[in-house]
Each structure stands twice: as structure tokens, then as C-alpha cells.
Amino acid sequence: MQVYLDNSATTRPSDRVIEAMSQAMREDWYNPSALYRPAMLAQKRVDAVRKDCLSAAGANGQNILFTGCGTEADNIAILGHMRTVKNGRVLISCIEHPGVLRCAQELERLGHRVEFIPVTHAGLVDLEKLEQLLAPDTSMVCVMQVNNETGAIQPIGEIVALRNRLCPGAAIHVDGVQGFLRIPVDFNKTGIQSYALSGHKIHAPKGIGALIYRRDFKISPIMFGGGQENGYRSGTENTPGIIGLGEAVQSYPHDANEWMRNLKKRLWEGLRNAVPQAVLNGPALDSASSAPHILNVSLVPVRSQTMLLALEGDGIYVSAGSACSSKQQKVSGVLTSMGIPTSVADCALRFSLCPDITEEQIDYTVQMVKKQYELLKKFVRR
Ligand code: PLP
């Protein structure tokens, strides 16, 4: 049996997406900026996807620009906005994906101050600490919707309320790459300024992302050229990618999140019974802060790399934290900032689900983890 449980790294493009994209490449390959009929039809298709993405994020009537990935959407929001501000102050949660976190150095190079917002043991932005950090000189706050390693849903509503009270002029950027479609977002009601998403996390292809932003959100372009996407992201539109994204949004199953939540619970309960030393990293499963599709567990004392290679032998693919950091074989900065000891963080495995996952696959995974754990724990040096 093969079980792919690394959907937070990337997802398999769905058959419907592949079909829609190949049709787009056969028929809608014209340059959407051109003025003849087939090109205008391609433009129409692209604009229909804008509407679908906006509607899925509760952002009807706002703006959206297509990018090459989630990282680019984050960069445009953060660096693009902060290019319109002089000597600003930016607060970034310390558990952000590198697509946000690594903007800090560039922000400092541009003359801004950057401070990091601590998180609680469950991996949630510490609202008391944030309250102390927010001040009238704050220009921007960056907090993700769902953490990619622990599945912790961040308290965006509370963060907006604090911002409204303490620094109403500050913009809020939310990286929604792990949350879009899986956690409801009501962009128009939230009061955030921008929201990034990525196609390859929701069964669309790699090479397509988007930034949803409020009409009055100021951005100065970070890329220059033909002026596409309102001048904010020059370069001929990736029509097949955009159409693939649109298909992924339209065909996302409505009952998928409930299904994944039940299977995540089944997986955690199975693992806990199989491995009494298993430690859950992140919010309790029954809390409202636990996303339906990401489970982070330390199978102490077996180290992540050892377990994930052993599981690969059984046809099970998981990761040790985020895909970006797993090759570097270093302890996760996210888990460390949650105060998890290195001895536990070293043994963390991330299981990330998608709507296609079955009960049989989950039960098989539990069985194989149990088998490998019994074997591998004997070889751990004490
Ligand atoms: N933000 C989060 C939370 C992510 O998990 C990822 C990818 O893992 C990204 C941003 C980057 O997305 P992309 O790979 O499309 O650049």
C-alpha cells in the first residue's frame, strides 16, 4: 500500500485540474493581454478564476493578483507594502514560513525595524505579548492562518481586534497557504489587508499562487515589466496554472474538512495507543485551534529522520517538519519557539492529510509506525 501523508509539502494535482489545464494549453494558450477574440476569451477565463478565488476567501469585491507561488504572494504583500512606508516597524510571528520570515532581513535592509511575536506552548501567537508589542508606530503585522508544521490555527480575529485598538493604521498580512479552503476565511469581515494562497497545496499545480488584497492596501511593485496584474506583478499570465487553480477551488469537496478531521483523530488515537511515549506537538485535537489536516507527533526516542526513512520502506511518505527545512536536518525553529525540548523536537513527524485519504491508509500507517517503533527504539543510544 502507498500512503502519501505529506500534503502540506505539496499535493497531487487532481484529475479534474489536469484535464482543465490541458484544455487550457490546447485552447486558451493565447496571450490574455492581446486584443483578438481567442485572447479575450482566455482573459475572460482568467477573470472568472479571480472571482472564484475571491468568493472562496469571502473577499468578493476585493482585488486579487496571480503570482508564481505562495512565497511570491507573501513577498509582494510584505516588501511591496513596506516600500510605501518610511522607517516602519514590522511585527512577524516567530513561526512563519520562510516566505514571510526571510523578508525580515530585506525589511531591515530597507530601513525598517522588525520584531518577532512569540508563541505559546501550543504554537499560537501569544496575544498578551502581542498586546505589549503593538504600538502606534507599528506599520505591519504578519501572522499566518495555519502553521504548516503543527496545524495551529492562529487567532486572527483577536489579532485584528488588538490592532484596531492599539494601532489602527497598521496593515495585517495573513499567509493563508495552509488554510485556504481548509479553514473558513471571511476576508471582507476580518479586517485584514492581504491574504496569500498557493495552488500546489490544494491539488492545483506548482507555479501558481495569488494575493488577495483590499482595494485601499498600498503596494509598490517589486517586479517591473509589462504592467500585468495592475502593475503589481509584471509577466505574461500563467493561463493554464490559473485555470488549474480555478478548477481546484471549484472542485474542492465541501465535506473534505470534516472527513480529514475525523481521520486525523483516528491517526492520533492510533499512534497514542501504539506508542505510549508519543507527544502531540500543537493544539489539542478537540480545540478550535486545531486544523483538520496537519498532525505533528514526536515518537520519542526515535529520531524523525530514522522513522521517516523506515516508513518510506513501508510505502508511507511523511515529513519531519516543513519540506523546506527537512533536508537541512536541523531542529525545527517552530517547535523550538514553542518551548519544546530538543530531545522531543528531534523526534517530530508531520502527517498531513488530503481529502482523498482513506481509513484503511490511516490504519495501515498506525500499524507500520508501531512495527517500526518497536524495532527502532532498541537501537536508540541512552
Ligand atoms: N506559507 C506556508 C505556510 C507554507 O506552508 C508554504 C509552503 O510550504 C509557503 C508559504 C510557500 O508556498 P509556495 O511553495 O507556493 O511558495
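The buried residues of helix H15 are Gln361, Ile362, Tyr364, Thr365, Val366, Met368, Val369, Gln372, Tyr373 and Leu376. The structure described here is a predicted model. H15 comprises 18 residues, and from its first C-alpha to its last it reaches 25 Å, close to the 26 Å expected at 1.5 Å a residue.

Gln372 counts as buried because its relative accessible area is 8%, under the 20% cut-off. When neighbours within four places in sequence are left aside, the contacts of Gln372 are with Met307, Ala310, Leu311 and Asp314.

The surroundings of the ligand were examined next. The ligand is surrounded by 14 residues, of which Thr71, Asp175, Gln178, Ser198 and Lys201 are the closest. By class, this shell holds eight polar, three charged and three nonpolar residues. Helix H3 (residues 70-82) gives the most to the shell, contributing three residues. An oxygen atom of the ligand lies 2.6 Å from a polar side-chain atom of Thr71. A separation of 2.6 Å is also found between a nitrogen atom of the ligand and an N or O atom in the side chain of Asp175. For His200, an N or O atom of the side chain is 2.9 Å from an oxygen atom of the ligand. The ligand taken alone exposes 390 Å², and the protein buries 89% of that.

Helix H3 also contains His81. This histidine is classed as buried because its relative accessibility is 10%. Not counting residues up to four places away in sequence, His81 touches Ile76, Ser139, Met140, Ala171, Phe217, Lys218 and Ile219.

Arg113 belongs to strand S4 (residues 113-117). With a relative accessibility of 48%, Arg113 is partly exposed. Once neighbours within four places in sequence are excluded, Arg113 is in contact with Gly88, Arg89, Val90 and Asp137. The side chains of Arg113 and Asp137 are joined by a polar contact of 3.0 Å. Although Asn87 is 26 residues from Arg113 along the chain, the C-alpha atoms of the two residues are separated by 7.3 Å.

The peptide bond between Val300 and Pro301 is cis, with omega at about 5°. His203, a residue other than glycine, has a positive phi near 75°. The loop that holds His203 runs between strand S7 (194-198) and strand S8 (209-213). His203 is buried because its relative accessible area is 11%. Asn230 likewise has a positive phi, near 60°, and is placed in the loop between S8 and helix H9 (239-251). Whereas His203 is buried, Asn230 is exposed, with a relative accessible area of 60%.

Note on methods:
Residues are numbered from 1 along each chain as its sequence is written. This is a predicted model: local features need pLDDT of at least 70, side-chain atom pairs count only at pLDDT 80 or more; totals for chains, interfaces and linings use all residues. Side-chain values use heavy atoms; hydrogens and water are left out. A residue is near a molecule or strand if one of its heavy atoms lies within 4 Å of it. A polar contact is a pair of N or O atoms within 3.5 Å; within protein, one must be able to donate a hydrogen and the other to accept it, and residues adjacent in sequence count only if both atoms are side-chain atoms. Accessible areas come from the Shrake-Rupley method with a 1.4 Å probe; for residues, only the protein chains shown count as cover. Helices (H or I, at least four residues) and strands (E, at least two) are DSSP runs, numbered from the N terminus. Ala, Val, Leu, Ile, Met, Phe, Trp, Tyr, Cys and Pro count as nonpolar, Asp, Glu, Lys and Arg as charged, and the others, Gly among them, as polar. Buried means under 20% relative accessible area, exposed over 50%, partly exposed in between (1.4 Å probe, protein chains only). Contact means heavy atoms within 4.5 Å. The expected span of a helix is 1.5 Å times one less than its number of residues.
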